[in-house]
Amino acid sequence: MRSTPLHPVARLPEEWSASLAARGERSFTAKQVFHWIHRRGVLDPAAMTNLPARLREHLAAEGLGEVVTPERVHRSEDGTRKLLLRLRDGATIETVLLPSVSGPGSQAQLDADAAAADEEDDEDAEAGAAPRTRVTQCISTQVGCAMGCSFCASGVAGLKRHLGPEEIAGQVLLGRAMLDEGEELRNVVYMGMGEPLHNYEATARSLRLLTHPEGIHLSTRRVTVSTSGLVPEIARLGADFGGQIALAISLHASDDATRSALMPINRKYPLDELLAALRAYPLPRRRRITIEYTLVAGQNDAPAEARRLAKLLRGLPVKINLIPMNPIEASTLGPPGADRVAAFQAVLTEAGYSCFVRRRRGDDVSAACGQLVLLGARPKVRRALG
Ligand code: SAH
Ligand code: SF4
């Protein structure tokens, strides 16, 4: 349980009902308040014009207001926008908006990570509706990260603090408000800074808020939680949401020695335990788990490792995303050449897996994966933001 009191933005409608009924408010005000915050994205009580003045004052006194403030927006040439957000205590996080790109190679873009939903996309196409650009938002769950993966800038920075559920959901409320004309927020991926399952309570509550029918109402299958492999919390997520939340696993290796060298968490939860957790995840029919595999030159990119990976994943409903490592300043590790990436992919494709190479997006604003770092901690990013 969180020791701090629940922020008003983190309250679910039934919790609003309880707190407002205790104040003698009429029953429908709970829904009105939740609508203002989560459907309309209005967090300033003064703007909630259909509420009585005394209630607006009470909400302000409870601390209802903006939880994340955009400090800078950086637009990449490929349409990706990185938002630098300031939290109330002054800490900064980042979130990224990724418009879908059509044309050759589009299957390999980041929003393919939310693609537990992809195969069902067509079912949702509304006849006659104007085509809208689908946007995937990548959100953070912690300031920094405690997991210490060697190739990741967030891991190198270490954990500064967890985000509250209002700060996690608040990124999406803000991201939605900052969409361009003709864009539609379609997918949310928990792939920014931090390990979502290390901050389980806040992550789970944010999932409830974002998927609530009275709020943004994202479809659960379009929300993907990415984890480095916290086995007990994978089981918990599966049980709490009936397997409906799409799952992505950062695997990055096919044997324990290699994985432990890249990802210290593997020493706690080795591959056999992780794979058992994936087999036990109550995945709905026709859905697949995304396996993320960051290719690091000389570490995990040999064709023999692709063959071992194919064997390891045999029988699991998965799709594989290969991510050539984005260089980070704190490490000499780097991506393999294109030939080696293609050879790795070919082994997996020939073994019958659907396997894509994720295109690098937003590189020019350091918005690519693993580059969402703490402002001030990495001079390179400061320059890029300046
Ligand atoms: N902590 C979670 C989610 C955030 S990381 C997790 O690890 O899954 C999102 C993805 O980006 C992970 O698959 C992670 O391994 C990958 N990543 C991190 N740093 C990277 C880098 N420098 N290059 C490429 N991918 C990276
Ligand atoms: Fe944390 Fe994920 Fe980065 Fe590992 S890859 S350090 S778990 S954010």
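This is a predicted model: local features need pLDDT of at least 70, side-chain atom pairs count only at pLDDT 80 or more; totals for chains, interfaces and linings use all residues.
Biologist: What share of the area of ligand 1 does the protein bury?

Modeller: Polar backbone atoms of Phe151 and Gly194 also lie by nitrogen atoms of ligand 1, at 2.8 Å for Phe151 and 2.9 Å for Gly194. Taken alone, ligand 1 exposes 530 Å². Of that area, the protein buries 96%.

Biologist: Which elements give two or more residues to the shell around ligand 1?

Modeller: The ligand has 21 residues around it, and those that come nearest include Ser226, Ser250 and His252. By class, this shell holds nine nonpolar, 10 polar and two charged residues. The elements that supply two or more residues are strand E8 (223-227) and strand E10 (289-295).

Biologist: How many charged residues are in the shell around ligand 2?

Modeller: The residues around ligand 2 are Cys145, Met147, Gly148, Cys149, Cys152, Gly155, Gly194, Glu195 and Ser228. Glu counts as charged, whereas Gly counts as polar and Cys as nonpolar. The shell divides into four nonpolar residues, four polar residues and, in the charged class, one.

Biologist: Are Cys149 and Cys152 buried or exposed?

Modeller: The limit for a buried residue is a relative accessible area under 20%. Cys149 has 10% relative accessibility, and Cys152 has 18%. Because both values fall under that limit, Cys149 and Cys152 count as buried.

Biologist: Which side chain makes a polar contact of 2.9 Å with the side chain of Arg11?

Modeller: Arg11 lies in the segment before helix H1 (13-22) and is buried, with a relative accessible area of 10%. Beyond four places in sequence, Arg11 touches residues including Trp16, Phe34, His38 and Arg205. At 2.9 Å, the polar contact of its side chain is with that of Glu62.

Biologist: Which side chain is joined to that of Lys82 by a polar contact of 3.2 Å?

Modeller: Lys82 belongs to strand E2 (residues 81-87) and counts as buried, because its relative accessibility is 0%. Its C-alpha atom is separated by 6.5 Å from that of Leu97, 15 residues apart along the chain. The polar contact of 3.2 Å joins the side chain of Lys82 to that of Glu94.

Biologist: With which residues is Thr29 in contact, leaving aside neighbours within four places in sequence?

Modeller: Thr29 is placed in helix H2 (residues 29-39). Its relative accessibility is 4%, so Thr29 counts as buried. Leaving aside those neighbours, the contacts of Thr29 are Leu20 and Leu55.

Biologist: What percentage of the 386 residues in the protein is buried?

Modeller: The protein has 14 helices and 12 strands. Among contacts with a separation of 6 or more, residues 24 or more positions apart account for 71%. The protein exposes about 15,800 Å², with 51% supplied by carbon and sulfur atoms. Of the 386 residues, the buried share is 56%.

Notes:
Residues are numbered from 1 along each chain as its sequence is written. Chains are lettered from A and ligands numbered from 1 in the order in which they are written. Side-chain values use heavy atoms; hydrogens and water are left out. A residue is near a molecule or strand if one of its heavy atoms lies within 4 Å of it. A polar contact is a pair of N or O atoms within 3.5 Å; within protein, one must be able to donate a hydrogen and the other to accept it, and residues adjacent in sequence count only if both atoms are side-chain atoms. Accessible areas come from the Shrake-Rupley method with a 1.4 Å probe; for residues, only the protein chains shown count as cover. Helices (H or I, at least four residues) and strands (E, at least two) are DSSP runs, numbered from the N terminus. Buried means under 20% relative accessible area, exposed over 50%, partly exposed in between (1.4 Å probe, protein chains only). Contact means heavy atoms within 4.5 Å.
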